[in-house]
Amino acid sequence: MSEHIGRPSNINIINSAFLIGMPIIAIVSLVYYSINYGIGWFEPIIFVMFYLASGLSITAGYHRLFSHRTHKAAWPLKLFYALFGAAAFQNSVIKWCSDHRRHHLETDTENDPYSVTRGFFWAHIGWVMIDEGQEIVDNVEDLQADKILAWQDRHIFLIGFLIGILLPALVGLAWIGGAHGFLGGLVYGGFVRVVIVHHATFLINSAAHTWGNQPYSTENTSKDSAILSFLTFGEGYHNFHHTFQADYRNGHKWYHWDPSKWLIKSASWIGLTRELHKIPTKVIESRKMKKTFHEKVDGSEIDTQFQEKFKECLNQLRNGFNDLRKRRKEYKTAKLSKKSETKNNWKAIKQGHKIRIKQCKKRISKARMEFKLLVESMRLNVDKKPVPA
Ligand SMILES: [Zn+2]
Ligand SMILES: [Zn+2]
C-alpha cells in the first residue's frame with residue numbers, strides 16, 4: 001500500500017488510533033461493565049436505538065440522500081442525519097460524499113479512494129488509516145452550499161462526541177440512574193455501537209466489492225449480497241446500486257431487505273421526504289436480460305436466430321410493462337368516478353380493469369419465460385458445438 005505509484009503515503013495517526021483504540025476500549029469497557037452490572041433489557045435497547053439512528057443516518061442520509069440525491073428531504077430530517085451521522089464517526093457529510101462520489105465516478109481505478117483492486121484490507125479500513133498526499137474535497141458544491149451541512153462540517157468532532165458518546169450516557173443516566181445507567185449508555189449506545197456501525201459500513205466498500213453476484217453489470221467489482229444487506233440496512237444490493245445509483249432503493253423488489261428504503265418511503269407519508277426517484281422496472285429487467293444474454297454470448301459467434309429471439313423477448317417485456325402502466329393509470333382514473341356509478345355497474349367496470357391488468361402481467365411473465373428458454377437453448381447449442389482441436 002505504502003508503495004502505491006506516485007503518491008507519498010503516511011500513516012494518519014488520529015484515524016488509526018481511533019480505529020484501533022475504539023474496539024479495544026469497547027471490549028475492555030464491555031467486560032468491566034458486564035462483571036459489575038450484568039445485562040438486562042436496558043443495554044440491548046439503548047444499543048439498538050443508537051445503532052438504528054446512526055446507521056440509518058449513514059445509509060439513508062449520507063449515502064442515498066446527500067451523496068446520490070435520490071430524493072429530497074425536509075430540514076428536520078437533514079438535521080437528524082447530520083447529528084446522528086456525526087455520531088457514527090465517519091467524518092462530515094461533505095467529506096464522506098466527496099469520497100463516495102469519486103468512488104462511483106472512478107470505481108476500481110487509481111482515483112477510487114477505496115478501490116478493492118488494492119486489496120480487501122485497503123477497501124475496508126486501510127484507506128482511512130493511510131494518507132496519500134493532500135485530502136481532496138471536490139464535486140460537493142451542492143452540499144457545501146447547505147447551511148446545516150456546512151455547520152456539521154465545521155463542528156464534526158464536537159457533534160460526534162456530544163451525540164455519539166455523551167448523549168447515550170445521559171439517556172442511560174436518565175433511564176436507570178447512577179453509574180450503572182451512565183456507563184451502560186456509554187458502553188452499549190456509545191463505544192460498542194460505534195465499532196459495529198463502523199465495520200458494517202466498511203463492509204460495503206470491501207465485502208460488497210468481493211462477494212456476491214452481479215445480476216446487472218460486470219463493468220466493475222460491485223456485487224449483490226442479501227446477507228450483507230441484512231447487516232447494513234439494505235446496502236448489500238451493491239451491484240444494483242452501482243448500476244442504478246439514482247434509485248432511492250438498493251433492494252428494488254418489495255421483499256428485498258432494505259430498511260433504508262422503508263425509512264425513506266415511510267418518511268414520505270408524513271412529508272419528511274419527497275420526489276423519491278425510482279428506475280422503472282422495465283429498465284431494470286431489460287438490463288438484467290441484456291447482461292445475461294451477452295454473458296452467454298461472451299465474444300463467441302452467435303446464431304442470428306438467437307439474436308432475433310432475444311430482441312423479441314426484450315420488446316415483449318418492454319411493451320408488457322408499458323401497457324401495464326397505462327392500464328393501471330386507466331384504473332386509477334376510473335376509481336375517481338366510482339361514486340357516480342351504481343354498485344353493480346362499478347363491479348363490472350372494476351372487473352374489466354382487473355382482467356386487463358392481469359393480461360399485461362401474463363405478457364410480462366411470458367416474456368420472462370421465453371427468455372429463460374432462449375438462454376437454456378443457447379446453452380445446449382454451445383454444449384453441442386465440437387471442441388476445436
Ligand atoms: Zn453509492
Ligand atoms: Zn461501491
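**Entry 1: helices H2 and H9**

I began with the packing of helix H2 (residues 42-67) against helix H9 (residues 178-205), where the axes lie 8 Å apart and meet at an angle of about 40 degrees. I was working on a predicted model throughout. The two helices are therefore oblique to each other, and I noted their crossing as right-handed.

Next I looked up who meets whom. From H2 the contact takes in Phe 42, Glu 43, Ile 46, Phe 47, Met 49, Phe 50, Tyr 51, Ser 54, Gly 55 and Ile 58. From H9 it takes in Gly 184, Gly 185, Tyr 188, Gly 189, Val 192, Arg 193, Ile 196, Val 197, Ala 200 and Thr 201. I sorted the residues of this contact into 12 nonpolar, 6 polar and 2 charged.

**Entry 2: Ile 204**

Is Ile 204 buried or exposed? I found 27 other C-beta atoms within 10 Å, and because 20 or more are enough to count, Ile 204 is buried. Setting aside residues up to four places away in sequence, I listed Thr 232, Glu 235 and His 238 as the residues that Ile 204 touches. I also checked Ser 222, which is 18 residues from Ile 204 in sequence, and the C-alpha to C-alpha distance came out at 9.2 Å.

**Entry 3: two positive phi values**

I then turned to backbone angles. Phe 233 is not a glycine, yet I read a positive phi of about 55 degrees there. Phe 233 has its place in the loop between helix H10 (226-231) and helix H11 (238-243). I put Phe 233 down as buried, because 25 C-beta neighbours lie inside 10 Å.

Asn 139 is another non-glycine with a positive phi, this one of about 65 degrees. I located Asn 139 in the loop between strand S3 (130-132) and helix H6 (141-144). How many C-beta neighbours does Asn 139 have inside 10 Å? I noted 14, so Asn 139 counts as partly exposed.

**Entry 4: Arg 327**

My next stop was helix H14 (residues 304-336), where Arg 327 is found. For Cys 360, which is 33 residues from Arg 327 along the chain, I have a C-alpha separation of 8.3 Å.

**Entry 5: the two domains**

Stepping back, I looked up how the chain is divided, and found domain 1 (10-274) and domain 2 (281-384). Their C-alpha centres lie 38 Å apart. For the contact between them, I have 6 residues of domain 1 against 4 residues of domain 2. On the side of domain 1 that touches domain 2, I sorted the residues into 3 nonpolar and 3 polar, with no charged ones.

**Entry 6: the whole chain**

I have the secondary structure down as 15 helices and 4 strands. Along the principal axes, the C-alpha atoms fill a box of roughly 75 × 70 × 45 Å. Of the 389 residues in the chain, 35% are buried. I also looked at contacts between residues at least 6 apart in sequence, and 69% of these join residues at least 24 apart.

Conventions. Residues numbered from 1 in each chain as written. Chains lettered and ligands numbered in written order. Predicted model: local features only at pLDDT ≥ 70, side-chain atom pairs only at ≥ 80, totals over all residues. Axes fitted to C-alpha atoms, helices over the stretch in contact; angles between N-to-C directions. Parallel < 35°, antiparallel > 145°, perpendicular 65-115°, else oblique. Left-handed = near helix turned anticlockwise from the far one by under 90°. Contact = placed C-beta atoms within 7 Å. Nonpolar A, V, L, I, M, F, W, Y, C, P; charged D, E, K, R; others polar. Domains from an automatic or database assignment. Buried ≥ 20, exposed ≤ 12 C-beta atoms within 10 Å, placed from the backbone.
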